[in-house]
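Morning, everyone. I have one structure to go through, so please look at the screen and hold your comments until the end.

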Amino acid sequence: GPSWKQIQRGAQGSAVATIASVTINYMRYVNLVNVDYLICFTSGGSGHAVNLSTFVVTLIGAGGTFTGTVSTAQWKNERTLIIAGNNYWSWDISGGLVALGGVTGAPSAGQTIATFAGRVWVGNSRTVVFSAPNSYTDFQTASSGGSFIVTDETLHSNINSLLTANNFLYLVGDASFNVVSDVRLDTGTPAVTLFSNVNVSALIGSNLPLSIFPYYRMIAFATRYGFYIMIGSTPQKISDHLDGIIPLIDFTKPVSGGVANIYNILCMCFLFNYRDPAGARPLLAIFFNKKWFFCSQGTGLTVLADGFQSGTPAIFATDGTNIWKLFSDTTTNISSTIQTALWPMKVPTKMKEGQKAGVEITTAAVTTAVTLTLDSDFGTIPLSL
């Protein structure tokens with residue numbers, strides 16, 4: 001059949017939570033004591049936890065608490081660990097925010113954090129610091145903590161993201177992926193931590209850390225030249241059909257991604273600002289089963305984050321102040337556009353004229369408004385059904 005694209009425009013509805021007078025620029029899902037939270041940080045240096053059951057917002061830290069790039073990771077299900085340019089913290093709903101930087105060798109700064117193999121791993125420029133086994137506070141070498149510097153030329157600049165998935169710790173650079181695995185203790189006193197650190201991609205990486213997320217046994221991520229998945233040690237481009245879209249993405253603004261649960265189908269989802277000739281707007285590119293389609297869920301969305309609500313995948317987005325749950329309205333009508341390519345009819349050098357067109361649809365037993373147009377190089381002709 002012909003190539004085609006589908007665009008869905010859904011009503012944005014009401015925000016599930018609002019954090020007044022802030023600009024949210026980072027969101028991450030965690031589960032603390034069996035309660036689902038969305039941890040949000042802002043450009044003003046504040047932190048907030050949104051309860052995904054009640055949507056009550058709890059202040060983690062006031063404006064100015066966190067500086068530089070902020071990242072968070074879940075430790076067991078008891079607390080979330082936060083790294084920023086000015087300290088390393090632990091936060092939980094009962095104990096509040098506790099500064100840990102400098103305590104028992106803990107890092108005092110960083111840009112990205114992950115928990116892997118019973119340890120905390122913090123990336124700061126090209127250095128990775130890791131904690132002792134089963135500890136989020138002790139980073140001393142005497143306790144089998146430590147650090148290493150990625151000296152390989154495959155890491156062109158700095159580590160942009162640490163990600164735990166598929167029994168690996170991924171170190172993502174601008175144009176590289178490294179994987180850390182097989183973490184173990186050597187014999188001796190103190191026991192030295194051993195692990196494997198292997199470069200699996202020396203060409204494809206990502207400097208868009210908000211766009212990197214696990215999708216089944218793959219890692220999905222965006223680059224400035226397309227959307228990719230990492231299958232094992234092999235990066236694979238999946239956005240060949242979007243090559244005309246990529247140059248119109250505004251990469252001065254965030255590109256984020258996550259898993260969207262749409263009618264119980266888990267889809268790969270990327271949010272970006274699209275420099276549409278008719279006016280710049282946020283656009284969602286969604287991929288499932290080797291097919292792409294585009295969605296609009298509002299006019300002001302900036303950052304996307306996936307998560308869970310009582311074990312069910314869900315996806316959320318913000319305009320900086322308000323937070324919406326996307327693809328959750330099952331009652332409001334959705335306007336969809338299905339558009340084929342302009343068919344060359346095997347003779348692209350000759351002009352064609354459309355004579356007839358038809359469409360067949362299956363709908364529920366309710367009135368469904370359908371319009372059909374016949375397009376050509378010269379314009380659009382509406383047809384009567």
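Predicted model: local features only at pLDDT ≥ 70, side-chain atom pairs only at ≥ 80, totals over all residues.

Residues are numbered from 1 along each chain as its sequence is written, and side-chain values use heavy atoms, with hydrogens and water left out.

Strands here are DSSP runs of E, at least two residues long, numbered from the N terminus. Buried means under 20% relative accessible area, exposed over 50%, and partly exposed in between, with a 1.4 Å probe and protein chains only.

First, strand 5, residues 47-51. How many of its residues are buried? Five of its five, so this strand is mostly covered. In a regular strand, side chains alternate between the two faces of the sheet. In strand 5 both faces are covered: Gly 47, Ala 49 and Asn 51 lie on one side, His 48 and Val 50 on the other, and all are buried.

Now its partners. Two strands count as paired if DSSP finds at least two bridges between them. Strand 4, residues 35-42, runs antiparallel to strand 5 and is joined to it by five bridges; Ile 39 has Ala 49 as its bridge partner. Four residues separate the two strands of this hairpin, and Gly 45 takes a positive phi near 85 degrees there.

On to strand 6, residues 57-61, which pairs with strand 5 over four bridges, again in the antiparallel sense. Here Gly 47 is bridged to Gly 61. This hairpin has five residues between its strands, and Phe 55 takes a positive phi near 60 degrees.

Next, an open sheet of four strands, ordered 19-20-21-22 with antiparallel pairing. Strand 19 (213-215) and strand 22 (234-237) are at the edges with a single partner strand each, so one side of each has no neighbour in the sheet. Strand 21, residues 226-231, is joined to strand 22 by four bridges, and Tyr 228 is partnered with Lys 237.

Last, the surface. Leu 385 is found in the segment after strand 32 (380-383), and it counts as exposed because its relative accessible area is 65%. Ala 278 sits in the loop between strand 24 (265-274) and strand 25 (281-288). Buried or exposed, then, for Ala 278? Exposed, because its relative accessibility is 77%. Its C-alpha atom is separated by 31 Å from that of Ala 314, 36 residues apart along the chain.
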